[in-house]
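We will walk through it stop by stop, with something to select at each one.

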Amino acid sequence: MASKKAVYFFCIDESKDEVAPKVLEKIMETFDLTETDIEVDRNKVLKYIDEASNEFYFVKTKVVICADYSSYLPLINEYFEDFDIAAMVNWHGGQNAPDKVLCIHTVGDLASARYSPSNPVPSTNLARALEHHRERLNLEEFKVTTEATHWSGIVYEGKSEWIEESKLPFLDIEIGSTSESYNNPVAASVIAYALMDAFASEEKVPTVLYMGGVHFEDTITNAVLHKSHPVSLTHILPSRWLENEMYMGEDARDYLMKCIDSIHGSIDGIVIHEKLKREIKDHVEIIAEILSIPVIKRKALKSPEATVLYQQ
């Protein structure tokens with residue numbers, strides 16, 4: 001079986017990112033990295049090869065890449081475009097942001113219906129690895145959580161069309177949301193170990209598009225982390241970004257199909273929050289009929305083993 005490739009990005013300026021330098025330092029202490037011939041921001045890209053010959057690349061940057069994506073996009077496309085998965089390691093923050101969390105989310109901009117490719121198998125491996133190493137390292141005060149799909153580049157006035165100019169499936173992996181948490185050495189270790197587990201399993205578990213609810217939706221997090229019957233981590237579309245004319249009007253199905261088409265492989269179902277507006281639910285039901293997949297209520301996903309996803 002062919003080896004797989006992952007690439008991870010770290011802003012090494014601690015004045016700009018309190019998290020990434022600590023995670024990278026832990027990786028460099030723990031794993032046998034070698035320099036490559038690739039150079040970014042005058043730093044050699046580092047590489048690790050695991051026992052299965054999978055390759056992991058570590059890119060040091062002078063700023064968080066979403067803050068200057070126009071500069072980093074050409075480099076991404078030149079060196080990493082055919083990789084299986086990528087992630088930017090950084091911090092989580094914002095108004096009312098939960099603290100003591102390890103966050104993971106896919107990249108996209110619902111407002112323009114532009115979505116980074118999503119590769120469910122390594123994405124799910126990474127989410128579950130965060131939980132595994134959190135438990136293994138006794139980081140009991142933290143929790144692993146999925147986040148709604150979004151792109152931080154918008155905050156830095158990035159152009160949403162850049163999201164689609166790379167074929168690389170992208171994730172954000174973060175520690176949140178205070179300086180105390182950013183500087184927790186065990187949290188940094190959890191991420192460092194988890195990054196090496198992107199290809200730990202080849203198992204393709206059911207893939208669902210999750211629609212509705214809040215930004216940190218426990219139901220999908222718990223389903224992804226379910227011990228025996230998980231679902232895949234892919235795009236998560238919260239109510240606050242769905243409930244507008246764009247996703248309720250006559251072109252809504254086209255926008256939602258763009259999201260579905262960005263997910264590697266087929267999806268096995270669409271999960272909808274019970275409070276999602278009726279107009280959106282109507283579009284979802286039509287899409288599900290076209291794709292011959294079930295629509296699953298959020299509450300049913302609390303026991304994924306009992307859903308049609310595991311009864312087929």
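**Stop 1**

A search of the whole structure finds 2 cavities of 30 Å³ or more. A cavity here is a set of points on a 1 Å grid over the protein atoms alone where a 1.4 Å probe fits but cannot get out, and lining residues have an atom within 4 Å of a point. Grid points are joined across faces, edges and corners, and a volume is the space filled by probe spheres set on the points.

Before you click further, note that this is a predicted model, in which local features need pLDDT of at least 70 and side-chain atom pairs count only at pLDDT 80 or more, while totals for chains, interfaces and linings use all residues. Residues are numbered from 1 along each chain as its sequence is written, and side-chain values use heavy atoms, with hydrogens and water left out.

Select Ile-65, Tyr-69, Val-107, Trp-151 and Phe-170: of the 13 residues lining the largest cavity, these lie nearest its centre. The volume of this cavity is about 120 Å³. Its lining holds 9 nonpolar, 3 polar and 1 charged residues; Ala, Val, Leu, Ile, Met, Phe, Trp, Tyr, Cys and Pro count as nonpolar, Asp, Glu, Lys and Arg as charged, and the others, Gly among them, as polar.

Now go to the second largest cavity, with about 30 Å³ of space. Its lining includes Phe-9, Phe-10, Cys-11, Asp-17 and Ile-65. Two or more residues of that lining come from each of β1 (5-11) and β5 (85-92). Helices (H or I, at least four residues) and strands (E, at least two) are DSSP runs, numbered from the N terminus. By class, the lining of the second largest cavity has 8 nonpolar, 2 polar and 1 charged residues.

**Stop 2**

How much space lies in the largest pocket? About 630 Å³. Select His-92, Gly-93, His-150, Ser-152 and Val-155, the closest to its centre of the 28 residues that line it. A pocket is an open set of points with protein on both sides within 12 Å along at least five of seven lines. At least two lining residues each come from β5, β7 (108-109) and α7 (239-242), and β5 gives the most, with 3 residues. The lining of the largest pocket divides into 13 nonpolar, 11 polar and 4 charged residues.

The second largest pocket has a volume of about 300 Å³. Select Thr-124, Asn-125, Arg-128, Ser-201 and Pro-230, the closest to its centre of 17 lining residues. That lining has 6 nonpolar, 5 polar and 6 charged residues.

**Stop 3: helices packing on α5**

Show α1 (residues 20-30) with α5 (residues 185-195): they pack at about 60°, with their axes 8 Å apart. Axes are lines fitted to C-alpha atoms, for helices over the stretch in contact, and angles run from 0 to 180 degrees between N-to-C directions. That angle makes α1 oblique to α5; angles under 35 degrees count as roughly parallel, over 145 as roughly antiparallel, 65 to 115 as roughly perpendicular and the rest as oblique. Among the contact residues are Val-23 and Ile-27 of α1, and Ile-191 and Leu-195 of α5. Contact means heavy atoms within 4.5 Å. This contact divides into 7 nonpolar, 2 polar and 2 charged residues.

In α3, Leu-126, Ala-129, Leu-130, His-133, Arg-134 and Arg-136 meet Val-190, Ile-191, Tyr-193, Ala-194 and Leu-195 in α5. By class, there are 8 nonpolar, 1 polar and 2 charged residues in the contact of α3 with α5.

**Stop 4: α9 and α10**

Next, select α9 (residues 252-261) and α10 (residues 278-291), whose axes come within 10 Å and cross at roughly 55°. That makes α9 oblique to α10. Ala-252, Arg-253, Leu-256, Met-257 and Ile-260 in α9 meet His-283, Ile-286, Ile-287 and Leu-291 in α10.

**Stop 5: two backbone details**

Zoom in on Gly-176 and Ser-177, joined by a cis peptide bond with omega about 0°. Ser-177 is found in the loop between β10 (170-176) and α4 (179-182).

Finish at Arg-42, a residue other than glycine with a positive phi, near 65°. Arg-42 sits in the loop between β2 (34-40) and β3 (43-49).
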